[in-house]
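I opened this model with a few things to look up, and I kept short notes as I went. Here they are, in the order I took them.

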Amino acid sequence: FWQHFNDEMRERFNEVAYNAWFKNTKPISYDENSRELKIAVQNPVAKGYWEKNLSSQLIQSAYGYAGIELLPTFQIEGDTSPERIVTPEPRYKIEEKISNRNEFTKNLRLNENYTFDNFVQGEGNKLAAGAALAVADSPGSFYNPLFIFGGVGLGKTHLMQAIGHQMLAERPNAKVVYIQSETFVNDFINSIKNKTQDKFREKYRTCDLLLVDDIQFFAKKEGIQEEFFHTFETLYNDQKQIVMTSDRLPTEIPDLSERLVSRFTWGLQVEITPPDLETRIAILSKKAEADGLTIDENTLDYIASQVDTNIRELEGALVKVQAHATIEKEDINVNLAREALTDLKLVQKNRGLQISKIQEVVANYFQTSTAELKGKKRVRQIVIPRQIAMYLSRELTDSSLPKIGQEFGGKDHTTVMHAYEKIDRQIKTDSEIKSAVFDLRQLLTH
Ligand code: ADP
Ligand code: MG
């Protein structure tokens, strides 16, 4: 199978790329129980590229060609002749700190890229970035709590985690907690079930820095709000720093208790707004540089002008252009970028498209009801339409997985992920599903 995959890839890549990623890469062992396939790669760059770009293809190909499920892991060995390998400067120094993490933060997962160094400041996020820097410098003393709000993909999570990184870099013993608000909810519920409330409280009420992401999910959850209120009070009185993000102002979160709304206004509430063109170009150019890509100004300008509201999409656009260049074996220029981004335009054009509309059209098409799509029945006649509707919601709107889950009767985001991946696979193998998705896409986008 390895040979087959190599041949497949040799077709796809040009010679330089093929040699770089495959020539000195070989499988070393496969464990039938854990499905782990250990692969030796030549250098850190190759490791990074495999992890980021090739492992998913390997998984798919192994499954499609030989019916094997595998989980590739990579280790660096082999040819390391120094003159041919350009080891990049470590991009994110912060990572080293993880090894010296204290007992409290050893399970803390921060995205290593989300540092202040990697955050481009510009119109739209200057204030928020300034406030975040101030808080990281002197936590608990002013701007407490810091409340960062704004639309999807504008850098709220990035900034929030940057505060965590910075604090740990300066004070490795600091007790930092970062959580998605849903995790707080789940932890709390589990702590009641398992009678471990003391442990729960200890974790949240004794930290030095509490970062709660997307707090709008506390909407309408009274018990959680009550618990969070006490967490907040304890931390605040101990002059510990609290930082929250949300897609909207506290006053706009449905049924958020009065006392929380008022607590949240004690500190600073700062909005992040969409970046202007100049900032978008600066962000793109930083990402391109980090990925080792050379892209001329016109092309950067073109890509930045195509995506105007959401930085995550902007990054996605760059990845698309890069992938297109690899597949087409061409250099990156404006024409190539234009080709690569045609379907992105479709998403943008459909921005107004609502998940409810998708559900309606899908329900109609399969002669079922939107209630069934949102329900829990697991019979095939409903499961397939439901998964297709989730798939299309992911493809045609910019809603997050949790948001889609919510719209489908409060399902977990992993359910949506699973549905998406399943349909994505079946489109390639099952002609009925393929044509249904094709028809529905037509119906929804024309
Ligand atoms: P949000 O939490 O607001 O939805 P994220 O923080 O997840 O957005 O940001 C989305 C992506 O955009 C992340 O990959 C992040 O690194 C990147 N990003 C956002 N703002 C900036 C910025 N000012 N400079 C560099 N990258 C940014
Ligand atoms: Mg976020």
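**Entry: the annotated site.** I looked up lysine 156 and found it in helix α5 (residues 156-170); helices here are DSSP runs of H or I with at least four residues, strands are runs of E with at least two, and both are numbered from the N terminus. Threonine 157 is in helix α5 too. UniProt, in an unreviewed entry, lists Gly153, Gly155, Lys156 and Thr157 for "binding site"; its positions are given in the numbering used here, feature names are shortened, and annotations may be inferred rather than shown by experiment.

A note on the ground rules: this is a predicted model, where local features need pLDDT of at least 70 and side-chain atom pairs count only at pLDDT 80 or more, while totals for chains, interfaces and linings use all residues. Residues are numbered from 1 along each chain as its sequence is written, chains are lettered from A and ligands numbered from 1 in the order in which they are written, and side-chain values use heavy atoms, with hydrogens and water left out.

Is lysine 156 buried or exposed? Lysine 156 counts as buried because its relative accessibility is 7% (buried is under 20% relative accessible area, exposed over 50%, partly exposed in between, with a 1.4 Å probe and protein chains only). Threonine 157, at 21%, counts as partly exposed.

I then listed contacts (heavy atoms within 4.5 Å), leaving aside neighbours within four places in sequence. Lysine 156 touches Ile148, Phe149, Gly150, Gly151, Asp214, Thr245, Ser246 and Ile272. For threonine 157 the contacts are Tyr114, Tyr178 and Asp213.

**Entry: aromatic rings.** My search of the whole structure gave 25 aromatic pairs. Rings of Phe, Tyr and Trp (its six-membered ring) pair if their centres lie within 6.5 Å; planes under 30 degrees apart count as stacked, over 60 as edge-to-face and the rest as tilted. Phenylalanine 1 and tyrosine 65 have ring centres 6.2 Å apart and planes at 35 degrees, so I noted the pair as tilted. That pair links distant parts of the chain, 64 residues apart: phenylalanine 1 is in the segment before α1 (2-12), tyrosine 65 in helix α3 (residues 44-66).

Tyrosine 236 and tryptophan 266 make a tilted pair, 5.0 Å centre to centre with 55 degrees between the planes. Here tyrosine 236 is in helix α8 (residues 222-237) and tryptophan 266 in the loop between α9 (258-264) and β8 (268-272), 30 residues apart. Tyrosine 236 is partly exposed at 27%, and tryptophan 266 is partly exposed at 41%. Both belong to one aromatic cluster, whose members include Phe147, Phe149 and Phe232.

I also found the charged end of arginine 259 over the ring of phenylalanine 229, 3.8 Å from its centre (the test: NZ of Lys or CZ of Arg within 6 Å of the ring centre and within 35 degrees of the ring normal).

Entry: Which peptide bond is cis? The bond from asparagine 144 to proline 145 is, with omega near -5 degrees; proline 145 is in the loop between α4 (126-137) and β4 (146-150).

Lysine 195 has a positive phi, near 55 degrees, without being a glycine. Lysine 195 lies in the loop between α6 (181-193) and α7 (197-205) and is exposed at 74%. Lysine 220 is not a glycine either, yet its phi is about 65 degrees. I placed lysine 220 in the loop between β6 (209-213) and α8, exposed at 60%.
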